[in-house]
Amino acid sequence: TSVLFVAMLAALLPIGLELADLLLSVFGRESFDWRVAATQAVQSPWDEGLFVTGMLLTPLVPTIATFTVGLASLAAPYTPGAGRAVNAVSDHPDANPSPEEVRLVSRTLYLARLWYLPALALSVGVFIGVWAAIHSSGIPVAGLLRDLALCSTAWGHGECPWL
């Protein structure tokens, strides 16, 4: 899904820029050519095009975070003492836990947080693996995203490499 959001962002951001530029030109503001920034992002994504690259990579952050939380929650039952901690919590709302039960549950929760480290490593590893596979395949992703942006705003400048 995050790859779909990256493509949607590549198409919708230029439309917003074109509309804002059109609106601001009514007030006599000089036109902004976003196509130069898009070309810089294709030619040098980690130098001159870092701003555009950063914007396009933003959908990956919540995806990695969600993937990490999901993996950590799958591993949480394997935390040492988790079974005893679950049994120590009463189902009755009026029950007051003993200090020993509070310590047991607190210790188990602290240990369960450690699952986030391998889950984050696995999540980031998956995305690095996907990036490496795409990079080694030679698919020109940056060029495709730039062409998508150009075609989504062809009404403003008449330029679409796919047509």
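Biologist: Why does Glu 100 count as partly exposed?

Modeller: Bear in mind that this is a predicted model. Glu 100 counts as partly exposed because its relative accessibility is 48%, and that class covers whatever falls between the buried limit of under 20% and the exposed limit of over 50%.

Now for its partner. Glu 100 forms a salt bridge with Arg 103, and their closest N and O atoms are 3.1 Å apart. Both residues sit in helix 6, which runs over 99–112, and they are 3 residues apart, or about one turn of the helix. An α-helix has 3.6 residues a turn, so residues three or four places apart point the same way. As for the pairing itself, side chains of opposite charge can pair when their charged atoms come close.

That bridge belongs to a count of 5 salt bridges. Another one of them joins Arg 35 and Asp 33, at 2.9 Å from N to O. Arg 35 is partly exposed because its relative accessible area is 25%, and Asp 33 gets the partly exposed label because its value is 37%. Then there's the bridge between Asp 147 and Arg 146, where the closest N and O atoms are 3.5 Å apart. Here the two ends fall into separate classes: Asp 147 is buried, as its relative accessible area is 13%, whereas Arg 146 is partly exposed at 24%. Shared partners also link salt bridges into one network, made of Asp 33, Arg 35 and Glu 159.

The largest nonpolar core has 6 residues: Val 6, Ala 10, Ala 41, Val 52, Leu 56 and Leu 145. Helix 1 (2–26) and helix 3 (50–57) each put at least two residues into this core. If you zoom in on Val 6, it is in contact with Leu 56, Pro 59 and Leu 145, once neighbours within four places in sequence are set aside. The general background is that nonpolar side chains tend to be buried together in soluble globular proteins.

With 25 residues, helix 1 reaches 36 Å from first C-alpha to last, close to the 36 Å expected at 1.5 Å a residue. Its buried residues are Ser 2, Val 6, Ala 10, Ala 11, Pro 14, Glu 18 and Asp 21. The helices they pack against are helix 2 (34–43), helix 3, helix 4 (60–75), helix 7, helix 8 and helix 9. Just after helix 1 ends, Gly 28 adopts a positive phi of about 85°.

Ala 149, in helix 8, is buried because its relative accessibility is 5%. Ignoring neighbours within four places, Ala 149 is in contact with Ala 10, Pro 14 and Trp 34. Ala 149 and Met 8 are 141 residues apart in sequence, yet their C-alpha atoms are 9.3 Å apart in space. Thr 153 comes next, in the loop between helix 8 and helix 9. Thr 153 counts as buried because its relative accessibility is 0%. Beyond residues up to four places away, Thr 153 touches Pro 14, Ile 15, Glu 18 and Trp 34.

Ala 119 is placed in helix 7 and counts as buried because its relative accessibility is 5%. Outside its sequence neighbours up to four places away, Ala 119 touches Thr 68, Leu 71 and Ala 72. The C-alpha of Ala 119 is also 8.7 Å from that of Ala 75, which is 44 residues away along the chain.

A nonpolar surface patch of about 920 Å² includes Phe 67, Leu 122, Val 126, Ile 139, Trp 162 and Leu 163 among its members. Helix 7 (116–137) and helix 8 (141–152) are the elements giving two or more residues to this patch, and helix 7 has the largest share with 4. Leu 163 sits in the segment after helix 9 (154–157), and it counts as exposed because its relative accessibility is 88%.

Terms used:
Residues are numbered from 1 along each chain as its sequence is written. This is a predicted model: local features need pLDDT of at least 70, side-chain atom pairs count only at pLDDT 80 or more; totals for chains, interfaces and linings use all residues. Side-chain values use heavy atoms; hydrogens and water are left out. A nonpolar core is a set of buried Ala, Val, Leu, Ile, Met, Phe, Trp, Tyr and Cys residues joined through side-chain atoms within 4.5 Å. Buried means under 20% relative accessible area, exposed over 50%, partly exposed in between (1.4 Å probe, protein chains only). Contact means heavy atoms within 4.5 Å. Patches are made of residues with over 30% relative accessible area and no salt bridge: like charges are joined within 9 Å, nonpolar side chains (Val, Leu, Ile, Met, Phe, Trp, Tyr) within 5 Å. Accessible areas come from the Shrake-Rupley method with a 1.4 Å probe; for residues, only the protein chains shown count as cover. A salt bridge is a side-chain nitrogen of Lys or Arg within 4 Å of a carboxyl oxygen of Asp or Glu. The expected span of a helix is 1.5 Å times one less than its number of residues.
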